Amino acid sequence: FNSPAVHLKPKKAGEVQYIDVVLSLENDTLIRLSILDTMGNLSHFHFYKSRINTDIPPDRFQFKVPEGVDIVQTNAVKQ
């Protein structure tokens, strides 16, 4: 790639060995994300026709609780 790329390594050991991020030269949007985990799995995510800060209608994402699932209210969870 002739695009800007960043190689990210965690400061502390965890589940990820590194993450590579590649950006577009034209509009600084994300083109590719590659993640290598500690099990040796390498995952590549490619992004096409990315748009930044576009309006999304609220009804586009509606969560429906599956049958048999218990709901825990956030005010009942201690942090």
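The protein chain has an average pLDDT of 88, and 94% of its residues score at least 70, where pLDDT is the predictor's confidence in each residue, from 0 to 100. Confidence is lowest in E1, with a mean of 94, and highest in E4, at 97. The model is a predicted one, so to speak of local features a pLDDT of at least 70 is needed and side-chain atom pairs count only at pLDDT 80 or more, while totals for chains, interfaces and linings use all residues. Residues are numbered from 1 along each chain as its sequence is written, and side-chain values use heavy atoms, with hydrogens and water left out.

The overall layout is quickly told. The protein chain holds zero helices and four strands; helices (H or I, at least four residues) and strands (E, at least two) are DSSP runs, numbered from the N terminus. Read from the N terminus on, the elements follow the pattern β-β-β-β. The radius of gyration of the protein chain is 19 Å, well over the 12 Å that the globule rule gives for 79 residues, so the chain is more spread out than a compact globule. Here the radius of gyration is taken over C-alpha atoms, and the globule rule is 2.2 Å times the number of residues to the power 0.38. Along its principal axes, the C-alpha trace spans about 50 × 35 × 25 Å. Buried residues account for 11% of the 79 residues, with buried meaning under 20% relative accessible area, exposed over 50%, and partly exposed in between (1.4 Å probe, protein chains only). Of the contacts in the protein chain with a separation of 6 or more, 7% come from residues 24 or more positions apart, a contact being heavy atoms within 4.5 Å.

Two strands are said to pair if DSSP finds at least two bridges between them. In general, strands of a sheet pair through backbone hydrogen bonds, either parallel or antiparallel.

Strand E1 (residues 5-8) runs antiparallel to strand E2 (residues 16-23), and four bridges join the two; histidine 7 has aspartate 20 in E2 as its bridge partner. E2 is in turn joined by seven bridges to strand E3 (residues 30-37), again antiparallel. In this pair, leucine 23 stands opposite leucine 30 in E3, and valine 21 is partnered with leucine 33. The hairpin of E2 and E3 has six residues between its strands, and aspartate 28 in the turn has a positive phi of about 55°. Five bridges then connect E3 with E4, which run antiparallel, and the bridge partner of leucine 33 in E4 is phenylalanine 45. Four residues lie between the strands in the hairpin of E3 and E4, where glycine 40 takes a positive phi near 90°.

Serine 34 sits in strand E3 and is buried, with a relative accessible area of 2%. Its side chain makes a polar contact of 3.4 Å with that of arginine 32; a polar contact is a pair of N or O atoms within 3.5 Å, where within protein one must be able to donate a hydrogen and the other to accept it, and residues adjacent in sequence count only if both atoms are side-chain atoms. Neighbours within four places in sequence aside, serine 34 touches Tyr18, Ile19, Asp20, Leu42, Ser43 and His44.

Threonine 29, in the loop between E2 and E3, is also buried, with a relative accessible area of 10%. Beyond its neighbours within four places in sequence, threonine 29 is in contact with Val22, Leu23, Ser24, Ser50 and Ile52. Glycine 14, found in the loop between E1 and E2, is partly exposed, with a relative accessible area of 44%. From C-alpha to C-alpha, glycine 14 and threonine 38 are separated by 7.6 Å, although they are 24 residues apart in sequence.
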